[in-house]
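Welcome! Here are a few notes to read alongside the model, point by point.

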Amino acid sequence: GVELLKAAALYGANGAGKSNLIKAVAALQQIVLSGGKTSLKELVPFKLHAASTQQPTTIEIEYATESKSYLFGISVQDGIILEEWLYESG
C-alpha cells in the first residue's frame, strides 16, 4: 500500500548540496553492501562551519518494505563508524 515514484528530480541552486546528497546515499549504500568494510575516509565533514569539522558526519535514510518502514543511519568520524542504528518507524 505504499506509493513510490519510479523517478525523482533533485532541484537546487549551484552549491546547494545536490551532488553531496547523491554522494552520501552512494556512500551509505556501499557501507551497507560491504558490511562496513569499505573506506570511510571520503565522508568529509561540513566545512563551512568550523565547529562541524570536529563533529561526526551523520547519514540517515528512511525506507519502506511491503509492510513496515525503517530508519537506518550511521555516524562516522575519521573513517570510523561511531554509531549505527536501525529503527522501525511505523
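**Notes on the predicted model**

1. Let's begin with S69. At 18% relative accessibility, S69 counts as buried, because buried means under 20% relative accessible area. Please keep in mind that this is a predicted model.

2. S69 belongs to strand β2, which covers residues 69-77. Leaving aside residues up to four places away in sequence, S69 touches E62, Y63, A64, Y87, E88, S89 and G90.

3. Which residues make up the largest nonpolar core? It is a set of six: L28, I31, I59, F72, I74 and V76. Both α1 and β2 supply at least two residues of this core, and β2 gives the most, with three. As general background, nonpolar side chains in soluble globular proteins tend to be buried together.

4. Now for the surface. A nonpolar patch there is formed by L10, L21, I22, V25, I61, Y63 and L86. Together these residues have about 610 Å² of accessible area. Y63, one of the patch residues, is also among the contacts of S69.

5. Where does the patch come from? Helix α1 (18-33) and strand β1 (57-64) each supply at least two of its residues. The biggest contribution is that of α1, with three residues.

6. Is I22 buried or exposed? I22 lies in helix α1 and is exposed, since its relative accessible area is 55% and the cut-off for exposed is over 50%.

Terms used:
Residues numbered from 1 in each chain as written. Predicted model: local features only at pLDDT ≥ 70, side-chain atom pairs only at ≥ 80, totals over all residues. Heavy atoms only, no water. Patch = residues over 30% accessible without salt bridge, like charges linked within 9 Å, V, L, I, M, F, W, Y side chains within 5 Å. Areas by Shrake-Rupley, 256 points an atom, 1.4 Å probe, with all protein chains shown as cover. Salt bridge = Lys/Arg side-chain N within 4 Å of Asp/Glu carboxyl O. Helix = DSSP H or I, 4+ residues; strand = E, 2+ residues; numbered from the N terminus. Buried < 20%, exposed > 50% of the residue type's maximum accessible area, 1.4 Å probe, protein only. Contact = heavy atoms within 4.5 Å. Core = buried A, V, L, I, M, F, W, Y, C linked by side-chain atoms within 4.5 Å.
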